[in-house]
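Dear colleague,

Please find the structure below, handed over for your records. My notes on its cores and on selected loop residues follow.

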Amino acid sequence: MTTTLSSRPRKPDTRDTRRPKKRGAGRQLHGGKITYAVLILFTIGSLFPLVWTAIAASRNNTRLAETPPPFWFGGNLFKNLEIAWTDANMGTALLNTLVVAGTVTIGTVLFSTLAGFAFAKLRFRFRGFLLLLVIGTMMVPPQLSVVPMFMVVAELGWTDQLQSVVLPSLVCAFGVFFMRQYLQEALPTELIEAARVDGASSWRVIWHVVFPAARPAMAVLAMLTFVMAWNDFFWPIIALTQEGEPTVQVALAGLGRGNIPDQSVIMAGALLGTLPLLLAFVLFGKQIVGGIMQGAVKG
C-alpha cells in the first residue's frame with residue numbers, strides 16, 4: 001500500500017522585493033563647516049562695499065582723509081543724505097531712472113521674447129544670416145555708435161529728454177539670443193502645432209503658449225535688464241544734463257563739485273541711488289530665484 005505524503009502549506013514570502021532606496025534619497029543635504037565658512041566669507045566680501053558706503057556716508061570729509069579710515073558709523077548719515085537729496089535733485093532723478101529702467105525692461109523683454117521665438121521656432125528665409133547679424137552687433141563697441149546716435153537724437157530734438165535714453169535701449173541683442181536659446185529647448189514644437197490645429201492665431205499662440213513657457217527666462221532677463229538700465233552711465237551722461245531731466249547716475253556725476261569734493265556727500269548720494277535696487281531684491285527676491293530655478297529645471 002502506497003502512502004501519499006501531504007505537502008505542508010508553504011509560508012508566504014515576506015521578504016521585501018522592492019528595489020532598495022538610494023542612500024540619501026529624499027533627505028535634505030547639509031553643508032559642512034568648510035562650506036559654511038566659505039559662504040560666510042563670500043557674504044562678507046559681497047556686503048563690504050555697501051557697508052563701507054554707508055560708513056563713509058555717515059562721516060565727514062576730514063575723517064575720511066585720515067589714516068586709518070573709519071570702520072564704524074558716525075553721526076552725519078542723515079545730514080549727508082539730506083544734502084545729497086537736495087543738491088543732486090535726487091527725487092526727480094530717482095523718478096526719471098525708474099521710468100527709464102522700467103520702460104527699457106518691459107520693451108527689452110517683450111521684443112526679445114518675440115524675436116527669440118521667431119528665431120527658435122519659425123521658418124523663414126535668411127533666418128541663420130539674420131541671427132548671425134544680431135549676434136554680430138554684440139561685438140561692436142558701444143563707443144562707436146555714440147556720435148551717430150547723438151546726431152539722430154539732436155536732429156529729432158530729443159536732447160535732454162528721457163526718450164533719448166529709452167528708445168536706443170528698447171532692443172537688446174543679448175536678450176534676443178538669450179530668449180532664442182531658452183525657447184529652443186523649453187518650448188516643444190508639438191505644443192505650437194497643437195495650438196495651430198485648435199485654430200489659435202499667431203498672437204494667441206504667443207500669448208497663451210510662448211509667454212507662459214518663457215516666463216522663467218523673461219524674469220531673469222527682466223532682472224538683468226533693469227539693473228543694467230538703472231546703473232547705465234555712459235549714454236545718459238551724453239544725452240542728459242543735471243539741470244534738465246537727469247537719471248540717478250547723471251545726478252551723482254554732478255554731486256560734490258568744488259575744489260575739494262565732499263566724498264561723504266558723494267557716498268550718501270550713491271547710497272540713495274542703490275537703495276531702490278536693494279528694496280526691489282528684498283521684495284521680489286523669492287520670485288526671481290524661483291524663476292531662475294524653474295528655468296534650470298526646464299532646461
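Buried means under 20% relative accessible area, exposed over 50%, and partly exposed in between (1.4 Å probe, protein chains only). This is a predicted model, in which local features need pLDDT of at least 70 and side-chain atom pairs count only at pLDDT 80 or more, while totals for chains, interfaces and linings use all residues. Residues are numbered from 1 along each chain as its sequence is written, and side-chain values use heavy atoms, with hydrogens and water left out.

Loop residues. F126 lies in the loop between helix 4 and helix 5 (127-137); helices are DSSP runs of H or I, at least four residues, numbered from the N terminus. F126 counts as exposed, at 62% relative accessibility, and its phi is near 60 degrees, a positive value in a residue other than glycine. D160, in the loop between helix 6 (146-156) and helix 7 (163-166), also has a positive phi, near 65 degrees. D160 is partly exposed, with a relative accessible area of 22%. Most residues other than glycine have a negative phi.

S58 sits in the loop between helix 1 (33-57) and helix 2 (61-64) and is buried, at 1% relative accessible area.

Cores. A nonpolar core is a set of buried Ala, Val, Leu, Ile, Met, Phe, Trp, Tyr and Cys residues joined through side-chain atoms within 4.5 Å. The largest has 31 residues, and M90 and V248 have the most contacts inside it. Helix 4 (residues 90-121) gives the most to this core, with six residues. Apart from it lies another core, of 21 residues, including A186 and I192.

Yours sincerely

Definitions and conventions. Helices (H or I, at least four residues) and strands (E, at least two) are DSSP runs, numbered from the N terminus.
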